[in-house]
Amino acid sequence: MAANTISLSCSPLRSLTSSSSHPPCTRIAPTLSFASHLRPTLALSSLPAAPRGSARRRSSRVSAALTSLSETEPVAVPADAGELLQRLPSASGVYAVYDGEGELQFVGISRNIAASVAGHRRSVPDLCCSVKVGVVDEPDRVALTQAWKSWMEEHMTATGKVPPGNESGNTTWIRQPPKKKPDLHLTPGRHMQLTIPLEELIDRLVKENKVVAFIKGSRSAPMCGFSQRVIGILESEGVDYESVDVLDEEYNYGLRETLKKYSNWPTFPQVFVDGELLGGCDILTSMYEEGELSGVFKK
C-alpha cells in the first residue's frame, strides 16, 4: 500500500481467576510518511461463516481451551481507572459485562480488554459493575470470534435471549470505532539519503505535535507488553497522539539508537508531550494510576 506523505514544516483464552544489491542512493528532502496497519473490525452483531481447513481446526482448539462463561469467576470493576488497569489484563480476548444485579449486559471482543472495560465503565457505569474475562493466547480474528461465539451461544442456550447490549441496533455498547491514525514514517526509505539529520527530524516531530509515542510495533499491533500498555493508557485517556514504530527498519532506519541519544533515555516506549520526554511505560502507568496524567495532556 502506498503511503501518503506530507513534508515536515520548518517551523519550531485464560480465565482471569487464576515482536542482494541495493539501489543507488538518491538525495531527497526528508518527508514524514503515513502508513496504515489497521486490523479488520470484528462485527459483534453478526457471526462470520465457519472457517475452513486449518483455521477450523485451530478455532476448535481455542474453543476447547477457553473456560466456559458459567465457570469463569466475575471480577468487580473498580471505579478508579488505575485500579481497573491493574486488575484486568491488557491482552486480547473476550469479556462479559454484568450490571449491579448480576445480569449479563454485553459480551465483547477486544485487543485490549482493560481499555475496553474502562471505556464501558466511563460511558455506562450503572451497567458495568463486574466482568468475566477470557484471554485468547493466539488472538487472530478467527480465534477471537470463536471465543465470543462460544460465550454468546452458552448464554443464549441458558436464557433463550441475546444480551441487551448485543441486540441488533443497540448503540449503548456497540459504537462505530473512531478511525485510527496511521503510524508515522520518518524517512521515505532506508536507501534514500537524507539531507537533514535524523535527530533533527525527531526534534521537529516531537515539537510540532502535542503527544508522540515511540513504540515497538504499530499502534494497532504493539510488539511488546510495555508498548501495548502505553497505547492502552493513551487511548483510555482519549489522547490524540502520533505513533512511530522504532522497529521499522525500512522507514525508520537508525531511529532506535538516534532516539536514545536525543532523549538520553535507553528504553522503549518513549512518550513526548509538548516537545519534552514524559517517560516510558513505568512513568506513564504510575501517573495514570495516581490520576495525574489527564492534567498533563490538557495543558
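Predicted model: local features only at pLDDT ≥ 70, side-chain atom pairs only at ≥ 80, totals over all residues.
Q: Which residues of helix H7 are the buried ones?
A: Helix H7 covers residues 255-263, and its buried residues are Leu-255, Thr-258, Leu-259 and Ser-263. Each of them therefore has a relative accessible area under 20%.

Q: How do you know that the buried residues of H7 line one face of the helix?
A: Viewed down the axis of H7, the buried residues fall within an arc of 120°, so they line one face.

Q: Why is Lys-260 called partly exposed?
A: Lys-260 is in helix H7. Its relative accessible area is 28%. Buried requires under 20% and exposed requires over 50%, so 28% falls in between and Lys-260 is partly exposed.

Q: What is Lys-260 in contact with, leaving aside its neighbours within four places in sequence?
A: Lys-260 is in contact with Trp-265, Pro-266 and Phe-268. Lys-260 and Gln-270 are 10 residues apart in sequence, and their C-alpha atoms are 9.4 Å apart in space.

Q: Why does Asn-264 count as exposed?
A: The relative accessibility of Asn-264 is 67%, and the cut-off for exposed is over 50%, so Asn-264 counts as exposed.

Q: Where is Asp-274, and how does its accessible area classify it?
A: Asp-274 is found in the loop between E12 and E13.

Q: What makes the peptide bond between Phe-268 and Pro-269 stand out?
A: The bond joining Phe-268 and Pro-269 is cis, with omega about 10°. Pro-269 lies in the loop between H7 and E12.

Q: Why is Ser-227 called buried?
A: Ser-227 has a relative accessible area of 0%, and buried means under 20%, so Ser-227 is buried. Ser-227 is part of helix H6 (residues 225-236). Not counting residues up to four places away in sequence, Ser-227 touches Ile-215, Lys-216, Pro-222 and Pro-269.

Q: How many aromatic pairs does a search of the whole structure find?
A: The search finds 3 aromatic pairs.

Q: Why is the pair of Phe-214 and Phe-272 called edge-to-face?
A: The ring centres are 5.6 Å apart, and the cut-off for a pair is 6.5 Å, so the rings of Phe-214 and Phe-272 pair. Their planes stand at 80°, and over 60 degrees counts as edge-to-face, so the pair takes that name.

Q: What does the pair of Phe-214 and Phe-272 tie together?
A: Phe-214 lies in strand E10 and Phe-272 in strand E12, so the pair ties together parts that are 58 residues apart in sequence. Phe-214 and Phe-272 are both buried. With Tyr-262 they form one aromatic cluster.

Q: How many residues are in the core that includes Phe-214 and Phe-272?
A: The largest nonpolar core has 36 residues, and those with the most contacts inside it are Leu-88, Tyr-95, Val-117, Val-131 and Leu-234. Apart from it lies another core of 16 residues, among them Leu-186, Leu-201, Phe-214 and Phe-272.

Q: What makes the charged end of Arg-190 sit over the ring of Tyr-253?
A: The charged end of Arg-190 is 4.0 Å from the ring centre of Tyr-253. The distance cut-off is 6 Å, with a further limit of 35 degrees from the ring normal. Arg-219 lies over the face of Tyr-241, also at 4.0 Å from the ring centre.

Q: Why are E4 and E6 called edge strands?
A: The order of the open sheet of 4 strands is E4-E7-E5-E6, with antiparallel pairing. Strand E4 (75-76) and strand E6 (104-110) each pair on one side only.

Q: How do you know that E5 and E6 pair?
A: Strand E5 (residues 93-98) and E6 share 6 bridges in the antiparallel sense. A pairing needs at least two bridges, so E5 and E6 pair. Tyr-95 stands opposite Gly-108 in E6.

Definitions and conventions: Residues numbered from 1 in each chain as written. Heavy atoms only, no water. Buried < 20%, exposed > 50% of the residue type's maximum accessible area, 1.4 Å probe, protein only. Contact = heavy atoms within 4.5 Å. Arc of directions from axis to C-beta. Core = buried A, V, L, I, M, F, W, Y, C linked by side-chain atoms within 4.5 Å. Phe/Tyr/Trp six-rings, centres within 6.5 Å; stacked < 30°, edge-to-face > 60°.
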